Amino acid sequence: MSTSSLKSTILGFPRMGSDRQLKKLVEGYWAGKITETELADGSKKLRAEHWELQRSYGLTEVPAGDFSYYDHVLDTAYAVGVVPERYQALDKENGLQAYFAMARGLQNKSIGVDVPSLEMKKWFDTNYHFMVPEIADDQQFSLHSSKIVDEYKEAKALGYNARPVILGPVTLLALSKSAKDSISKPLDHLSKLIPVYVQILNQLADAGAEWVQVDEPVLALDLDAAVYQPAFEQVYGEFAKVAGLKYLLTSYFDRLGDNLSWAAALPVNGIHLDLVRGSSDIDAALDTIPEDKVISVGLVNGRNIWKANLGKQLAVLNKVVSARSTAAPVWVSSSCSLLHSPHSLKPETGHLDQETLGWLSFAEEKIEEVVVLAAAAVDRSRVEEQLQSNAAKVLSRQQSERITRPAVQQRLAALDKTFYSRQASFTERQQVQRASLKLPLFPTTTIGSFPQTAEVRKARAQFRKGALSASEYQEFLDAETRKCIEWQDEAGLDVLVHGEFERTDMVEFFGEHLEGFVFTKKGWVQSYGSRCVKPPVIFGDVSRPKAMTVDVARFAQACSPNKPVKGMLTGPVTILQWSFVRDDQPRSQTAGQIALAIRDEVVDLEAAGIKVIQVDEPAIREGLPLRKTDYEAYLKWSVDVFRLATTGVKNETQIHSHFCYSDFNEIFTAIKGLDADVITIENSKSDLKLLGALEAHGYAAEIGPGLYDIHSPRVPSVEEMAARFAALQKYVPAENLWANPDCGLKTRGWAEVKEALVNLVAVARDARTQHA
């Protein structure tokens, strides 16, 4: 092919801004500190900054429409009129108010509004959460928002060569769920949805768009071709009738696999390949994708932070270029949207050591990598210096003595099967634990964290700046912990927690106490809505130099002489999933190293007198591969590392774990295999879908399905939670059922937390009375 036709682009850019400006704007709007106009103006300024940044590095084309106040799936659903009935009155008054009610719920007693949010789930196998659209039997679609067209026009007016980005209709419906009591499946409504998309596309064509990026990541899943091939053919057959537009069909996060043959035949103008996670597609793609279609090659990893091996990826690019005819265009791109990467490495200069800094690449640097690859395929001499610099830094990481710790690897290799089993069966352990803990029927607890107030954050900031001494900061934390435990006791909770006021994040905290991790200054990534996380970076072998939580747990238990206080740990799979992980050894090996570190902590907590220890694994479903042929291997090692972390204790010690915001049916057998004594599991946002899993698979151990959604500021009534709890009692024996929220309370305010937990305790007490 002619290399002059190479285009450099990315599939999307992080929304939050270099200093989380969007978070501050959105939360300011929620708090009533700024107006809707000020929110819109601030967001417009942020988008312009992002487009200018991308152009400054030399991208041929920038994406437009990848911005969102909360979530791009919610944006798309709202744009095509998928507004469930409970939000429609709000929508007539104020569209943005309805949008955020769908995202967060809304409780305003003064105007008589009390609506829960939509269900939340993980976006494929990432830690990003999306809002699940609800499709009713009588669903009507309509053009309800001009967001994507407006943002394209905005970019064009500023002089940028922009490509609109939209979530495709098949993926939108595949990720949706049927509204309550509906019998139709979301995909049944595809024919009614297509005309609304066509309206949007016609508007984009009228606005001057040439290419439209249509994201259909459902193509990375195992699809029933008899269902999905006709659906895709119907959609893109209609799209092809829109005059003047070309379509880049994108999928990412895994290989296209069996879907490639028919996807390549669709009437689109280009196909994007994720050649980072779907590298096995390359030969079949070169044989299958017609010569008149663009191949967009995703060569720079949008999901991890390691510097791309440009020499290796250039070889892949050259293979694609040489295999195409002179008329067949090739684009160079990120593997997926850079939404999953931090914004820029620039703030890390002076924070990270120079060696580590040289190993990393955030969103801004990934743009440069894309541009260098495209330039190198045209004329390597133009970017030889950048290629040589990259090669040196890649080699530096490969050869660094900081990476490998022989003692850690030897300990993991020496394990035998005794490290993966408790001393006795669950039935035996349950009797011993009941005698020891003396808990009432329907025990109440929380998941771990309590509100991180402005005072907590201020004290932490002062400590880090040196304005508070270590002893002064510890006194503050002790006081907060004592108050938290005393309030829980007064409220009537049965198993208490210390509140986690010393922790910024449930993964970052442990990484800070383990060898093999480094931490960024501003490596923020969006998790959901305005919530951002700063994942640790696992660069080498992991070990625990000393106890991490024992002193805090011992103090907390001393504050509660009559009730147990849980030791709170994060599990090995979640620490792995919510970190940026080294890519030079199998993830299972890194997880095993983390598990040994957590095992040591569990044993030390037990020795310190802690009778209940929770090892959270909210990310275990998230880590499940997208392709079913890969399930078995993952579930085997993920269960093994949890058991490795938790089986070093006596029968009397009660092991808890927590899971949230995923579809658990596919992994429920694995959850049973963890052999935890008690699990707490998200339930309230998902219309009690957990009941189906319990009915299908059974669960013999103790379980606490969440009674209310903590990601919403609304406070559930006693009646609402009681109805949910009553439904659960039909599937779970009373002696095995716990009462608890869906998740930790870190992001909530104390007033709503207290009211909600008082209601929860009332539900459990009423249930005891009724059961008696």
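Predicted model: local features only at pLDDT ≥ 70, side-chain atom pairs only at ≥ 80, totals over all residues.
A salt bridge is a side-chain nitrogen of Lys or Arg within 4 Å of a carboxyl oxygen of Asp or Glu. Residues are numbered from 1 along each chain as its sequence is written, and side-chain values use heavy atoms, with hydrogens and water left out.

**The whole chain**

- The chain holds 28 helices and 24 strands; helices (H or I, at least four residues) and strands (E, at least two) are DSSP runs, numbered from the N terminus.
- For 772 residues, a compact globule would have a radius of gyration near 28 Å, and the chain agrees with its 26 Å. That radius is taken over C-alpha atoms, and the globule rule is 2.2 Å times the number of residues to the power 0.38.
- Along its principal axes, the C-alpha trace spans about 75 × 60 × 55 Å.
- Of the 772 residues, 61% are buried; buried means under 20% relative accessible area, exposed means over 50%, and partly exposed is in between (1.4 Å probe, protein chains only).
- Among contacts (heavy atoms within 4.5 Å) with a separation of 6 or more, 79% are between residues 24 or more positions apart.
- The chain exposes about 28,900 Å², and carbon and sulfur atoms supply 50% of that area. Accessible areas come from the Shrake-Rupley method with a 1.4 Å probe, and for residues only the protein chains shown count as cover.

**Salt bridges across the chain**

- A search of the whole structure turns up 50 salt bridges.
- R86 and E134 form one of them, with their closest N and O atoms 2.8 Å apart. R86 sits in helix α4 (residues 85-93) and E134 in strand β7 (residues 134-135), so this pair ties together parts that are 48 residues apart in sequence.
- D353 is partly exposed at 35% relative accessibility, and R402 is partly exposed at 27%.
- D489 and K563 also meet in a salt bridge, at 3.0 Å from N to O. D489 belongs to helix α19 (residues 470-491), while K563 is in the loop between α21 (550-558) and β19 (567-570), 74 residues away.
- D489 counts as partly exposed, with 38% relative accessibility.
- Shared partners also join R47, D75, K147, E151 and E154 into one network of salt bridges.

- Strand β8 (residues 162-167) is mostly covered, with six of its six residues buried.
- In a regular strand the side chains alternate between the two faces of the sheet.
- In β8, A162, P164 and I166 point one way, R163, V165 and L167 point the other way, and all are buried.
- Strand β2 (residues 62-64) pairs with β8 in the parallel sense over three bridges; two strands pair if DSSP finds at least two bridges between them. Here A64 has P164 of β8 as its bridge partner.
- Strand β10 (residues 211-215) pairs with β8 as well, in the parallel sense over three bridges, and V165 stands opposite Q213 in β10.
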